[in-house]
Amino acid sequence: MSRTDDIFINMCRDILENGTWETGDVRPRWEDGTPAYTIKRFGVVNRYDLSKEFPLLTLRPINLKAAIDEILWIWQKKSNNINELNSHIWDAWADEKGTIGKAYGYQLSVKHKYKEGEFDQVDRVIYDLKNNPSSRRIITNLYNHQDLHEMALYPCAYSMTFNVCDGKLNAILNQRSQDVLAANAWNVCQYAALVMMLAQVCDLKPGEFVHVIADSHIYDRHVPIIKELIERETHDAPVLKINPDVHDFYDFTVDDFVLENYNTGAKVGKFPVAI
């Protein structure tokens, strides 16, 4: 069993056995208009050691290249337009122009003045990792309150904190809310890949990735799927190889990532997503 499978299974069991059901007047709805209820745990913290394995779930196949494409859309392209994304996961939130408003990539693109110059959030992270790796202030934040009313969706994964220890890049991802079935494995692998990309271009080694989820929930219609999923056979963690010739963060493409020995269980099939 990979460590990632173990973490996912234990988290799901904890939610199902010790979680709180949220019913009544809830915001999310299923496609048929009925309320989408959840069972949740508050304050979930999962830790992944990237120096030991790449955290990709093996209980079911995860489309890593699509996950990386989305993280590059946000962090590299700094885009808020779904026409610049190769998947359709944001289609439900896009306006007639194809944008999701002042959300995600838009926030990372905004430039701020510092004594060293003018940077957006991504370039500031890279600058500090290269020039001031001992800093305790290497943080990005997408939750800009003055722009929330112009966002199609309030950011779920909203903050990253980077910290260097003994030449290893560690990071914390803060997430306000997460649909466990739809998003957990996806978010874990894409932000782990982001840490590995930044480590490579800043001459660091990947360290620990810590995922903090305020509201970790399983939707009512997902419970049977999750129960079946966590009883499946697990497999060893795959190996992720990143093109070592890439030394500029803005040169990465999805083709620079190759998975080896990725053995998984069957697909879970199409499942409903609440919005």
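Which residues line the largest cavity? The lining consists of Thr4, Phe8, Tyr48, Pro55, Leu56, Leu57, Asn184, Ala185 and Val188. Two elements, helix 1 (3-18) and helix 5 (180-201), each give two or more residues to this lining, and helix 5 gives the most, with three residues.

The model is predicted, so local features need pLDDT of at least 70 and side-chain atom pairs count only at pLDDT 80 or more, while totals for chains, interfaces and linings use all residues. Residues are numbered from 1 along each chain as its sequence is written, and side-chain values use heavy atoms, with hydrogens and water left out.

**Terms for the voids**

On a 1 Å grid over the protein atoms alone, a cavity is a set of points where a 1.4 Å probe fits but cannot get out; a pocket is an open set with protein on both sides within 12 Å along at least five of seven lines; lining residues have an atom within 4 Å of a point. Grid points are joined across faces, edges and corners, and a volume is the space filled by probe spheres set on the points. Helices (H or I, at least four residues) and strands (E, at least two) are DSSP runs, numbered from the N terminus. In the table, Ala, Val, Leu, Ile, Met, Phe, Trp, Tyr, Cys and Pro count as nonpolar, Asp, Glu, Lys and Arg as charged, and the others, Gly among them, as polar.

**Cavities and pocket**

The model has two cavities of 30 Å³ or more.

| Void | Volume | Lining by class |
|---|---|---|
| Largest cavity | about 40 Å³ | seven nonpolar, two polar, no charged |
| Second largest cavity | about 30 Å³ | seven nonpolar, two polar, no charged |

Around the second largest cavity stand Trp75, Thr140, Leu142, Ala157, Tyr158, Ser159, Met160, Leu173 and Tyr191. Strand 6 (residues 157-165) supplies the largest share of that lining, four residues.

The lining of the second largest pocket includes Tyr114, Glu116, Arg124, Asp128 and Arg137. Helix 4 (121-131) and strand 5 (138-141) are the elements that give two or more residues to this pocket, with helix 4 giving the most, five residues.

**Phe271**

Phe271 lies in the segment after strand 10 (257-260). Phe271 counts as buried because its relative accessibility is 18%, where buried means under 20% relative accessible area, exposed over 50% and partly exposed in between (1.4 Å probe, protein chains only). Leaving aside neighbours within four places in sequence, Phe271 is in contact (heavy atoms within 4.5 Å) with Arg60, Leu181, Ala182, His222 and Ile225. The C-alpha atoms of Phe271 and Arg221 are separated by 8.5 Å, and these residues are 50 residues apart along the chain.
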